[in-house]
Amino acid sequence: MPPAKGYSQVVVVPPGAALVYVSGQIGMRPDGTLEPGGFAAQVTRAFTNLAAALEAAGSNLAHIVKLTHYLTDVDAQLAEVRSIRDRFLDPTAPPASTAVEVSRLVIEGVLYEVDAVAFVLPGAPGGAG
């Protein structure tokens, strides 16, 4: 396989762990309004929401094995997404990732969406076992 830039080609889930699938997270605040401040603010909020979803499932951002990024302009936006992602995840061990360019997202004004697959270790609160 060719060298990966900013993602891992393969990630293995630890034995005994359960998988957690997190639906697409967008830059929406808990009050149901979009995060103001543009693209970077929405990406940051989407990762904050992702962290909250994983915590509720007994997992965390360090246990993400796969991300899918949905962007309206991959060429213009991917570097910024990676930069923000690296504030939330360990850039030396990034998850497997896919970036998809789309014509628009679910709600007018949404600029970014991310979904994830993570794992929960046995015995974790809310987790497997």
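This is a predicted model: local features need pLDDT of at least 70, side-chain atom pairs count only at pLDDT 80 or more; totals for chains, interfaces and linings use all residues.
Student: How many aromatic pairs does the structure hold?
Tutor: The structure holds 3 aromatic pairs. Rings of Phe, Tyr and Trp (its six-membered ring) pair if their centres lie within 6.5 Å; planes under 30 degrees apart count as stacked, over 60 as edge-to-face and the rest as tilted.

Student: What about Phe39 and Tyr112?
Tutor: Their pair is edge-to-face, with 6.2 Å centre to centre and 80° between the planes. Phe39 lies in helix H1 (residues 39-56) and Tyr112 in strand S4 (residues 112-120), 73 residues apart. Helices (H or I, at least four residues) and strands (E, at least two) are DSSP runs, numbered from the N terminus.

Student: Is Tyr112 buried or exposed?
Tutor: Tyr112 is buried, at 0% relative accessible area. Buried means under 20%, exposed over 50%, partly exposed in between (1.4 Å probe, protein chains only).

Student: Why is the pair of Phe47 and Tyr112 stacked?
Tutor: The pair is stacked because the planes are at 20°, with the ring centres 6.4 Å apart. Phe47 is in helix H1, 65 residues from Tyr112.

Student: Which residues do the ring pairs link into a cluster?
Tutor: The cluster consists of Phe39, Phe47, Phe88 and Tyr112.

Terms used. Residues are numbered from 1 along each chain as its sequence is written. Side-chain values use heavy atoms; hydrogens and water are left out.
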